[in-house]
Amino acid sequence: MKIEPIILSISWLVSFLILVIFIHQKNIRMYLVTFLFTSTIAWIYQYFQLVMGFLEFPGREFSKATKMSFTLHYIVYPTFAVLFIRSISNLNRERIIIVKIIIFSILISIFTYAISTFISLIEYRNWNFFIGVISNIIILYIVKQFVFWFKRGLME
């Protein structure tokens with residue numbers, strides 16, 4: 001029995017449970033925007049990685065339709081981003097926010113590195129852990145800027 005479908009299923013289940021448990025109904029619009037915006041950014045990011053030959057996804061859900069990994073960039077990454085936005089939504093100190101951006105970027109990179117090392121969901125070609133951390137920092141910063149801009153619009 002292959003382990004990849006089991007890991008993908010567990011990723012779906014854990015992501016769903018995280019979203020249900022940690023997201024409050026009061027701010028659901030902001031978290032929904034975070035999830036959808038991060039999915040969009042992740043799609044562009046993943047497309048760039050594939051076109052440039054940085055990564056391959058040998059174990060993916062829709063292998064005949066696309067070369068992209070649906071679960072990792074449309075479910076797992078946006079869930080990380082929602083947790084990140086939730087953790088900084090009440091913070092005003094920029095230094096703590098920057099530290100959290102770095103921490104979440106490292107956590108995402110550890111997750112993808114572990115998947116690429118121990119199972120065959122991702123295959124790194126011209127990519128490494130540190131480039132992943134830097135690109136995740138940039139993406140989370142873009143997500144933070146967009147979501148906080150959107151949040152200001154909701155309050156006005």
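Ring pairs join Y45, F48, F54 and W127 into a cluster. A pair here means that the ring centres of Phe, Tyr or Trp (its six-membered ring) lie within 6.5 Å; planes under 30 degrees apart are called stacked, over 60 edge-to-face, and the rest tilted. By this rule there are 13 aromatic pairs. The model is predicted: local features need pLDDT of at least 70, side-chain atom pairs count only at pLDDT 80 or more, and totals for chains, interfaces and linings use all residues. Residues are numbered from 1 along each chain as its sequence is written, and side-chain values use heavy atoms, with hydrogens and water left out.

**Aromatic pairs and a charge over a ring**

W43 and Y47 form a stacked pair, with 5.8 Å centre to centre and 15° between the planes. Both residues lie in helix α2, four residues apart, which is about one turn of the helix. Helices are DSSP runs of H or I with at least four residues, numbered from the N terminus. W43 counts as partly exposed because its relative accessibility is 39%, and Y47 is partly exposed with a relative accessible area of 45%. The classes are buried under 20% relative accessible area, exposed over 50%, and partly exposed in between (1.4 Å probe, protein chains only).

F84 and F104 have ring centres 5.5 Å apart and planes at 65°, so this pair is edge-to-face. F84 and F104 are both buried.

The charged end of K151 sits over the ring of F148, 5.8 Å from the ring centre. The rule for this requires NZ of Lys or CZ of Arg within 6 Å of the ring centre and within 35 degrees of the ring normal.

**Pockets and cavity**

Rolling a probe the size of a water molecule over the atoms shows where empty space is left. On a 1 Å grid over the protein atoms alone, a cavity is a set of points where a 1.4 Å probe fits but cannot get out, whereas a pocket is an open set with protein on both sides within 12 Å along at least five of seven lines; lining residues have an atom within 4 Å of a point. Grid points are joined across faces, edges and corners, and a volume is the space filled by probe spheres set on the points.

| Space | Volume | Residues nearest the centre |
|---|---|---|
| Largest pocket | about 270 Å³ | K26, N27, M30, Y31, K151 |
| Second largest pocket | about 230 Å³ | S11, V14, V76, F80, F111 |
| Largest cavity | about 170 Å³ | Y45, H73, Y77, I108, T112 |

The largest pocket is lined by twelve residues. Helices α2 (28-51) and α5 (129-155) each supply at least two residues of this lining. By class, the lining of the largest pocket has four nonpolar, four polar and four charged residues. Ala, Val, Leu, Ile, Met, Phe, Trp, Tyr, Cys and Pro count as nonpolar, Asp, Glu, Lys and Arg as charged, and the others, Gly among them, as polar.

The second largest pocket is lined by 15 residues. Two or more lining residues come from each of α1, α3 (70-88) and α4 (94-118), and α1 gives the most, with six. This lining has twelve nonpolar, three polar and no charged residues.

S11, one of the residues nearest the centre of the second largest pocket, is found in helix α1 (residues 4-22). S11 counts as buried because its relative accessibility is 9%. Leaving out residues up to four places away in sequence, S11 touches T71, V76 and F111, where contact means heavy atoms within 4.5 Å.

The whole structure holds one cavity of 30 Å³ or more. Of the residues that line the largest cavity, 16 in number, at least two come from each of α2, α3, α4 and α5. The lining of the largest cavity has ten nonpolar, six polar and no charged residues.

S105 lies in helix α4 and counts as buried at 0% relative accessibility. Beyond four places in sequence, S105 touches V133, N136, I137 and L140. S105 and L140 are 35 residues apart in sequence and 7.5 Å apart in space, C-alpha to C-alpha.

F118 is also placed in helix α4, but F118 counts as exposed at 69% relative accessibility. The C-alpha atoms of F118 and S89, 29 residues apart along the chain, are separated by 34 Å.
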